[in-house]
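Please read the following walk through the structure with the sequence and the 3D view at hand.

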Amino acid sequence: METVLISPAKALILGVPSVILSVIIPLAGIGIFIYIMMRRIAPIVKAAPDYRFNSISDRIIKLVKIWLFQYRQPRYMLAGVLHILIFAGFLILSIRSTSLVILGFWDGFLIPGFGGALGHIYNFVKDYAATWVLIACIIAAIRRGIFKPERYAVPEKYGHDHTGEAVFVLGLISLLMISESLFEASLVAAQTQSGVHAEFLPPLTIGWFFSKILSDTSLATLQNTHLASYFLHDITFFFFLCFLPLGKHFHVITSVFNVFFMRLDAGTIKPVRYGVDEDKLDDLESFGVKKFEDFTWKHILDFYSCADCGRCSDQCPANAVKRPLSPRFISIKGRDYAFKHYPIFSGNVAADKPLIGDIYEEDEIWSCTTCGACEQECPLGIEYIDKIVDLRRGMVDEGIVPQSLQKALGAIEKRGNPWGKMEKKRADWTKEEGFDEDCKVKILGKKESAEMLYFVDSITSYDDRMQDIARATARVLTSAGIDFGILGKAEKDSGHEVKRFGEEVEKGKNAKDKLINLIRHHLKVFQRDRDLAVLYQAETHQSSRIAEDKIKEMSKMYLDIISEIVEQGQQEGSIRKDLYVSLVKRFIIGSVDEVINTWLHSDGKYDLVSMADPLVELFIRGIGSKESTPVEDPVKRGRT
């Protein structure tokens, strides 16, 4: 192709070779980008491990389907089609943008293989790609800035929305399309004026329109336009590259990795700690997520990859019924936390607050039903269930469990089902009139055996609506001639929901540990809510009626659990068997009540929770065991 304009590699700007600028801009841009990425990678390096290098072939298939072909985007048709057009154009034009950078210091550079027919085909496609990308950006900017779909809204407590950033990025992309097309159109217009062979520009493309507009422009103006559009494209390209890791558009860079490393098996939950067997969980000092670095590197990559599209929250059943959970903000708040504590221009900022209560709320995390709708909808492979379960694990480890769940967990431990129903009623679904005549279900035991065990689980055994599923399953097995049976009252809950609550292990295996954990949690509740402590103290001291229902429920459960712990302690020998359980219970309640009372009168000047250990030690070494040993006053110890 003949040229009548001086290329950026040979031109002079104010007497200075423009090639200097062509070298400085990429070097500066790449250097700044690498520095920013190093800062962004810092929390990933410090994060917990996460094994994601299995099933490489399956991951490549997922990558092609979800990332390259944008499989999930059309579920929201208009937004999806616009994104596909911009994404496809971006991929196509990335080759052109790269070659333009090299053209700045290598006159006449062509990508190998693009000198013949392949190059002409590519130029034809990329000119139309630039055109459809510009049109898509304009429509997307109008839609985002004027019509503002509801799923993009940001509640006031989370700050401002990201409309400004989105429109700004769409403007940068449009500027890249315009500057690239103007660079080429100015050359074609100059070639046409000079009577030399001009490069073909496809009709109705941006470049074609520009070439018509510039057809009567002087060569000097075309030369200036040619250079100005080149450096405008160069500066915009590297500014855009460095801007991406600073906000929600970081997903442009991270999405390919996030989709590749996404979970392959839906419905599975990551282990408590990779490399630690379940029978060794008791040896862990702490488990779950309590601080940011407890998240795995994939979790943090998820935070970086969120596009703030709101699809997850749009499909979330908890969000639909106005619960405080919006999956979108799990990611956004995590990303904002990473940006704040691992800033670009300074060292890491130490976090002195736990995640729960700082950026995440208890109700927010407990509102999740772990249904997975958010993960199925996300076009970038972001996972939420693992994060939420890990946060719950951390809360359970700290004794932060809602009263409603405490009842269910206690009932599972005591009765083997979350409703606390009698074990002997677990097989009552087999006794429905008419069913027991058509289908005989064996209850396995000493007298009955079978080739196959049908594990019914709690909800199917006790819930009236779900019992129909159990009966239908039994009929199918019978019709198929399968010899099966159920465990009946010997069956215990599978623990599936407990695992999703976050309680992977019962940390206390003996009476002393259980009592310490129980009192720690009990005191922690009152330390978080001083008014609650006042009501509790009034209820226990004066037997008044001013305490709220939740105080009464909590107190009753507290007493019931203490009774179980005392009985266990008597069986294992750590608590004297000659003591009445009611007397021991009264002693413990009185001691805890006195500690709360002392703490209230001291205006909370010391850590109330720290009194749990000496209180239990006083009990165990005092009247708990036969060998009494004097111990330090727990109230004085709590003040230190």
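Once the neighbours within four places in sequence are set aside, Leu-172 is in contact with Thr-236, Phe-239 and Phe-240. Leu-172 belongs to helix α5, which runs over residues 163-194. Thr-236 comes 64 residues away along the chain, yet the C-alpha atoms of Leu-172 and Thr-236 are separated by 6.9 Å. Leu-172 has a relative accessibility of 8% and therefore counts as buried, since the cut-off for buried is under 20%. The model in view is a predicted one, and every value here is computed from it.

Helix α5 also takes part in the second largest pocket, as one of the elements that give two or more residues to its lining. The space in the second largest pocket comes to about 1,200 Å³. Its lining is made up of 44 residues, and His-83, Ile-86, His-249, His-251 and Val-252 are the closest to the pocket centre. Besides α5, the elements with two or more residues in the lining are α2 (56-68), α3 (77-103), α4 (117-147), α7 (219-243) and α8 (251-260). Helix α3 provides the largest share of this lining, with eleven residues. By residue class, the lining of the second largest pocket holds 29 nonpolar, nine polar and six charged residues.

Lys-148 is not a glycine, but its phi is positive, at about 45 degrees. With a relative accessibility of 48%, Lys-148 counts as partly exposed, because exposed is kept for values over 50%.

Thr-370 is found in the loop between α13 (362-366) and α14 (373-377). At 10% relative accessibility, however, Thr-370 counts as buried.

Another loop residue is Ile-269, which sits between α8 and α9 (297-305). Is Ile-269 buried or exposed? Its relative accessibility is 16%, so Ile-269 counts as buried. In sequence, Ile-269 and Val-389 are 120 residues apart, while their C-alpha atoms are 8.1 Å apart in space.

Which residues of α19 are buried? They are Gln-467, Ala-470, Arg-471, Ala-474 and Leu-477. These residues cover an arc of only 125 degrees around the axis, and therefore lie on the same side of α19. The spacing in sequence can be read against a general rule. An α-helix has 3.6 residues a turn, so residues three or four places apart point the same way.

The buried residues of α19 pack against α17 (435-438), β4 (452-453), α18 (458-462) and β5 (484-486). Val-476 and Ser-479, on the other side of α19, are exposed. After the helix comes Gly-481, which has a positive phi near 75 degrees.

Helix α24 can be treated in the same manner. It has 21 residues, 581-601, which at 1.5 Å a residue should span 30 Å; the end C-alpha atoms of α24 are 30 Å apart, in agreement. Its buried residues are Val-584, Ile-588, Ile-589, Ser-591, Val-592, Asp-593, Val-595, Ile-596, Asn-597, Thr-598, Trp-599 and Leu-600. Thr-598, which lies in α24, has a relative accessibility of 15% and so counts as buried. The C-alpha atoms of Thr-598 and Leu-608 are separated by 9.6 Å, with the two residues ten apart along the chain. Just after α24, Asp-603 has a positive phi of about 60 degrees.

Last, the chain as a whole. It contains 26 helices and five strands. The chain has 640 residues, and 50% of them count as buried. Among the contacts in the chain with a separation of 6 or more, 77% are between residues 24 or more positions apart. The pair Leu-172 and Thr-236, which are in contact, is an example, at 64 residues apart along the chain.

Notes
Residues are numbered from 1 along each chain as its sequence is written. This is a predicted model: local features need pLDDT of at least 70, side-chain atom pairs count only at pLDDT 80 or more; totals for chains, interfaces and linings use all residues. Side-chain values use heavy atoms; hydrogens and water are left out. Buried means under 20% relative accessible area, exposed over 50%, partly exposed in between (1.4 Å probe, protein chains only). Helices (H or I, at least four residues) and strands (E, at least two) are DSSP runs, numbered from the N terminus. The arc is that of the directions from the helix axis to the C-beta atoms. Contact means heavy atoms within 4.5 Å. On a 1 Å grid over the protein atoms alone, a cavity is a set of points where a 1.4 Å probe fits but cannot get out, and a pocket is an open set with protein on both sides within 12 Å along at least five of seven lines; lining residues have an atom within 4 Å of a point. Grid points are joined across faces, edges and corners, and a volume is the space filled by probe spheres set on the points. Ala, Val, Leu, Ile, Met, Phe, Trp, Tyr, Cys and Pro count as nonpolar, Asp, Glu, Lys and Arg as charged, and the others, Gly among them, as polar. The expected span of a helix is 1.5 Å times one less than its number of residues.
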